[in-house]
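Notebook open. I want to look up a helix pair and some charged pairs today.

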Amino acid sequence: SSDLLADEMPQEQYYWQAPLAQQERAGSMASLDSLRKPVPASWRQPELPEVLAMLNFRLDAVKANAAAFLQHLCYKNDPVKTDVRRLKGIPVLVSLLDHPKKEVHYGACGALRNISYGQDADNKVAIKNCDGVTALIRLLRKARDMDLMEVIAGTLWNL
């Protein structure tokens, strides 16, 4: 009957179960930390000048990922925002707003949104001084993706 509860349903229908959902002997859920492979000793997080250099890399995926990583680094981190401005990263990010690929636009605009957020007027002025407002409006006019339009609007709001 359709009134059966899930607990009363034949177990064959629910046979599949993710290995991580099974309980350990101690009764707790398996920890994702216990499944992580150790980070190779040769791996390191890139320095800010390296990330900024990646914005000019020939492969679009590298540009998009570098911009997205900058967005992450700048989130609620005023010293990094200042360093991006000091190292001339803002004009490069603004220039990426005219790139043909949406992924690059999205990363660059997200980084600019985080850089422009807050009370530091110097970052806002730097974006305006390299025609960032004009580039954002130009991108907004041609954007068809709602997520991208929201990031653009958020960046303009911060300015």
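Predicted model: local features only at pLDDT ≥ 70, side-chain atom pairs only at ≥ 80, totals over all residues.

**Helix pair and salt bridges**

I started with the helices: α3 passes α6 in a left-handed crossing. I looked up which residues make the contact: Lys 81, Thr 82 and Arg 85 from α3, with Asp 122, Asn 123 and Ala 126 from α6. By type I get 1 nonpolar, 2 polar and 3 charged. For the geometry, I noted that the axes of α3 (residues 78–86) and α6 (residues 121–129) come within 10 Å and cross at roughly 35°.

Next, the charges. I found 8 salt bridges in the structure.

One of them is Arg 85 with Asp 122, where the closest N and O atoms are 4.0 Å apart.

Then I looked at Asp 145, which pairs with Lys 102 at 3.3 Å between the closest N and O atoms. Asp 145 sits in the loop between α7 (132–142) and α8 (146–158), Lys 102 in helix α5 (residues 102–116), and the two are 43 residues apart. Asp 145 comes out partly exposed, with a relative accessible area of 23%; Lys 102 is also partly exposed, at 37%. Back to Arg 85: salt bridges with shared partners join Arg 85, Asp 120 and Asp 122 into one network.

Last entry: Glu 50 bridges to Arg 44, with the closest N and O atoms 2.7 Å apart. I logged Glu 50 as partly exposed, at 30% relative accessibility.

Key: Residues numbered from 1 in each chain as written. Heavy atoms only, no water. Axes fitted to C-alpha atoms, helices over the stretch in contact; angles between N-to-C directions. Helix = DSSP H or I, 4+ residues; strand = E, 2+ residues; numbered from the N terminus. Left-handed = near helix turned anticlockwise from the far one by under 90°. Contact = heavy atoms within 4.5 Å. Nonpolar A, V, L, I, M, F, W, Y, C, P; charged D, E, K, R; others polar. Salt bridge = Lys/Arg side-chain N within 4 Å of Asp/Glu carboxyl O. Buried < 20%, exposed > 50% of the residue type's maximum accessible area, 1.4 Å probe, protein only.
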